[in-house]
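Thanks for making time this morning. I would like to walk you through one model, so please have the sequence and the structure open while I talk.

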Amino acid sequence: MSLRQINLDVLSGLTVSLALVPEAIAFAFVAGVAPLVGLYAAFIVGLITAVFGGRPGMISGATGALAVVMVALVAQHGVQYLFATVILMGILQLFAGAMRWGKFIRMVPHPVMLGFVNGLAIVIGLAQIDQFKITNSAGQSDWLSGDTLILTCGLVVATMVLIWVTPRLTRLIPAPLLAIGVVTAVVLGFDLDVQRVGDLASLSGGLPSFAIPMVPMTIETLMIIFPYALILSAIGLIESLLTLNLVGEMTNQRGGASQECLAQGAANLCTGFFGGMGGCAMIGQSMINVKSGGRSRISGIVAALFLLCFILYTGPVIEMIPIAALTGVMFMVVIGTFAWNSLKSLLIVPRADALVTIVVTCVTVAEDLAVAVVVGVIMSALVYAWNAAKRIDASTRPSVREAGALVYDIQGPLFFGSIASFHELFDINNDPDKVIIDFSASRVVDQSALQAIEDVAAKYDAAGKTLLLRHLTRDCHRLLSKSGQLIVDSDDDPDYGIAVDYGVKLGIFDSKH
């Protein structure tokens with residue numbers, strides 16, 4: 001680590017901490033809890049994941065994806081049930097990490113990743129619209145109007161321009177930090193009448209204290225909190241692991257998925273005992289950090305510690321920052337996060353992949369990330385299954401070893417999607433008395449394939465003919481042996497040392513039941 005990089009990490013951490021404040025407060029309001037509950041979560045989750053997380057440069061804290069799930073629980077049962085839920089959420093994430101389930105994030109295809117990034121960018125952008133509202137004397141939200149609206153929009157645009165211009169002049173100070181400082185100085189110097197952080201809530205508070213959630217330790221309580229904990233843990237891990245992959249692409253780093261699961265679990269377990277609302281990785285803040293030059297764990301640690309300092313000591317100073325400056329920073333994050341090249345690629349890539357990207361984007365905006373990713377993965381799996389099902393084919397040739405026998409050379413995987421085409425490959429009535437199916441260019445994948453093989457064998461048997469299997473690969477050989485379908489009457493060699501033909505035992509899968 002060079003001195004310059006350490007300096008960049010510290011300044012990036014400061015920038016992130018400033019941007020964390022309004023988001024943590026806003027997400028606390030969304031969840032229906034006090035602002036300090038969101039700030040404590042941002043500090044605790046951010047610190048633990050920065051130290052132990054799977055990838056340096058990532059920022060974690062209270063997020064909107066989790067807050068929208070929490071609001072129903074808090075409204076029905078109160079904040080103490082939320083703390084208990086966050087503890088259970090942490091335990092489930094620790095279990096996922098211990099089981100090394102983080103590796104399954106590899107199953108998320110690239111079109112789903114694009115949809116996730118675009119959808120989350122839109123969600124972050126829509127969340128900033130609330131900053132153009134103000135609470136009136138009756139406690140209702142009204143849109144800003146008149147000179148206040150014009151001034152706020154001007155400050156937002158000024159912040160965005162400063163962030164765009166600064167890297168072209170100097171890279172010693174992160175552009176978002178410089179923009180926030182300049183805009184704040186202008187607002188204070190001219191005493192401009194715009195919303196400031198202090199108008200949302202007071203940041204002053206003490207250190208978070210340990211407390212066991214005040215809920216009944218009963219099965220009924222577990223039945224209430226477990227569904228929420230399961231959903232929150234899934235959303236938290238999915239968003240964290242997708243953010244981990246995104247940060248990895250930008251910083252050329254790999255691995256750490258299961259470690260990130262463990263870090264997220266430990267962070268949420270702790271924050272539940274210290275009065276926090278829980279959290280996960282934040283793509284917006286992570287993008288601010290990486291693009292500001294943050295590359296090590298120092299940036300995340302510094303961001304968490306600065307946030308704690310704001311709560312303990314400098315709350316009144318931070319409360320003077322105009323909301324417009326932070327909104328401008330987040331709009332630049334939206335512009336930088338959205339995969340603009342994906343709009344062009346929609347016209348180039350296969351239509352199915354383009355549809356997956358669009359659907360995942362829309363579902364992320366309309367519902368939540370977990371549902372969107374599940375929908376995207378299912379759609380991609382079905383597209384793959386359909387394409388793979390069309391690949392199965394067969395060619396026929398006379399057998400060299402068995403006089404008068406006919407060999408079917410199967411090409412393509414045999415699984416649930418291709419069994420209908422597999423049945424249509426055979427001409428049972430016109431085939432000779434001995435038929436050999438050669439699987440050297442095929443794979444037997446699942447139970448549907450086993451059933452299909454037995455069905456074909458039964459049809460040949462009913463016609464008084466013999467069906468044999470040849471050139472089973474080791475995994476196919478193991479699968480058919482385990483099912484009991486192979487008739488082995490000689491030493492077999494799945495590695496093709498010798499060509500062995502196997503009979504098919506009927507009645508293993510009785511299609512009549």
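Let me begin with aspartate 191, which is found in the loop between helix H7 (175-189) and helix H8 (197-200); helices here are DSSP runs of H or I with at least four residues, strands are runs of E with at least two, and both are numbered from the N terminus. Residues are numbered from 1 along each chain as its sequence is written, and side-chain values use heavy atoms, with hydrogens and water left out.

Aspartate 191 has a positive phi of about 50° although it is not a glycine, and with a relative accessible area of 61% it is exposed (buried is under 20%, exposed over 50%, partly exposed in between, with a 1.4 Å probe and protein chains only). Most residues other than glycine have a negative phi. Arginine 100 also has a positive phi, near 60°, and it lies in the loop between helix H4 (79-98) and helix H5 (110-128), where it is exposed at 53% relative accessible area.

Now to the largest pocket, whose volume is about 990 Å³. A pocket here is an open set of points on a 1 Å grid over the protein atoms alone, where a 1.4 Å probe fits, with protein on both sides within 12 Å along at least five of seven lines, and lining residues have an atom within 4 Å of a point; the points are joined across faces, edges and corners, and the volume is the space filled by probe spheres set on them. Of the 40 residues that line this pocket, the closest to its centre are Ala26, Phe27, Val30, Ala127 and Asp130.

How far can we trust the coordinates? The protein chain averages a pLDDT of 85, and 95% of the residues score at least 70, pLDDT being the predictor's confidence in each residue, from 0 to 100. Over residues 489-498 pLDDT stays under 50. Where pLDDT is low, the predicted coordinates should not be read in detail.

Finally, leucine 479 lies in helix H20 (residues 474-483) and, at 27% relative accessibility, counts as partly exposed.

Notes: Predicted model: local features only at pLDDT ≥ 70, side-chain atom pairs only at ≥ 80, totals over all residues. Contact = heavy atoms within 4.5 Å.
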